[in-house]
Amino acid sequence: MSPVFKSERHAEAVRQAYAAALAPWPAGGGGVTGPPPAADPDVLVCGREEAPPLVLLHGAQSTAASWQRQAAAWAPHFRIYAIDLIGEAGPSAPARLPLASDAHAAWLGAVLDGLAVARAACFGISLGAWLALDFAVRRPARVERLALLCPSGIGRQKHILPWVLPLLLLGPAGRALVRRRIIGPLPVDPAPADRAQFALMHAINRGFRSRFGAIPVFGDEALRQLSQPLFVAVGGRDVMLDSQDTCERLRRLAPSAQVTLLPSERHFIRGQDDAVLAFLRAG
């Protein structure tokens, strides 16, 4: 049995939805496989080869295909590597590495070695933001600058299972309520590219085995030692993470970081692409 999908039928549905979601990916992109420490990664690439490298790391229950909009807009400025996280719903290996270890940093380092990327800017969301931060803490020489949206591992993680599990027992309607509480309402009349992304999201919600359990929290000393320029945005209505705690810790331990609390945003933050791009290009 797959450690990340409920059945082979669900896995195939996600694969088909993933392929459809890649249709709008910028011209010149494609999958790249590098030598891995644990299992093969899948990487979507676009942008000029001589441009500065930018690594994009998606969140849990998502895929690298979710970066389509940013890739299209940012490809003129960067050589973009959107990496499907190991153990998630994309084509990378379905292996769940221990979070409280060097395993993910070693895996990401090996992926970048395979891509011949010695040092890069990193932009991550949620679990991907945790992975980017973990990599910056453990491999600081390889991270140029760091942009994070709703990062796990800094502020207190809220206990969501008491209200999530009863809703999940309601089937599709319950899953929709969980999704709405976490990311907010989806557009009523989405663009074609967004419809493909939402179809992929629904396939993942139906057939993917969610990660439950605590995400390791970085200690004070690890955050104090961050030397890279740091951009962080969090949502005031995040039901998964204590955003106020995230802001307070960063302002105390990484005072040079650019930290923004967006009161009306949830765990899925909208409208920050221009601010993130400006931060990344400043380097």
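## The cavity

The structure contains one cavity of 30 Å³ or more. A cavity here is a set of points, on a 1 Å grid over the protein atoms alone, where a 1.4 Å probe fits but cannot get out. This is a predicted model, in which local features need pLDDT of at least 70 and side-chain atom pairs count only at pLDDT 80 or more, while totals for chains, interfaces and linings use all residues. Residues are numbered from 1 along each chain as its sequence is written, and side-chain values use heavy atoms, with hydrogens and water left out.

The largest cavity holds about 50 Å³ of space, a volume being the space filled by probe spheres set on the points. Its lining (residues with an atom within 4 Å of a point) consists of Leu 85, Ile 86, Leu 99, His 104, Leu 127, Trp 130, Leu 131 and Arg 211. By class, six of these are nonpolar, one is polar and one is charged. Helix 4 (residues 127–138) gives the largest share of that lining, three residues.

## Where two helices cross

Helix 3 (residues 103–114) packs against helix 4 at an angle of about 85 degrees, with the axes 9 Å apart. Helix 3 is therefore roughly perpendicular to helix 4, a label for angles of 65 to 115 degrees.

In this contact (heavy atoms within 4.5 Å), His 104, Ala 105, Leu 108, Gly 109 and Leu 112 of helix 3 meet Trp 130, Leu 131, Asp 134, Phe 135 and Arg 138 of helix 4.

Terms used:
On a 1 Å grid over the protein atoms alone, a cavity is a set of points where a 1.4 Å probe fits but cannot get out, and a pocket is an open set with protein on both sides within 12 Å along at least five of seven lines; lining residues have an atom within 4 Å of a point. Helices (H or I, at least four residues) and strands (E, at least two) are DSSP runs, numbered from the N terminus. Ala, Val, Leu, Ile, Met, Phe, Trp, Tyr, Cys and Pro count as nonpolar, Asp, Glu, Lys and Arg as charged, and the others, Gly among them, as polar. Axes are lines fitted to C-alpha atoms, for helices over the stretch in contact, and angles run from 0 to 180 degrees between N-to-C directions. Angles under 35 degrees count as roughly parallel, over 145 as roughly antiparallel, 65 to 115 as roughly perpendicular and the rest as oblique.
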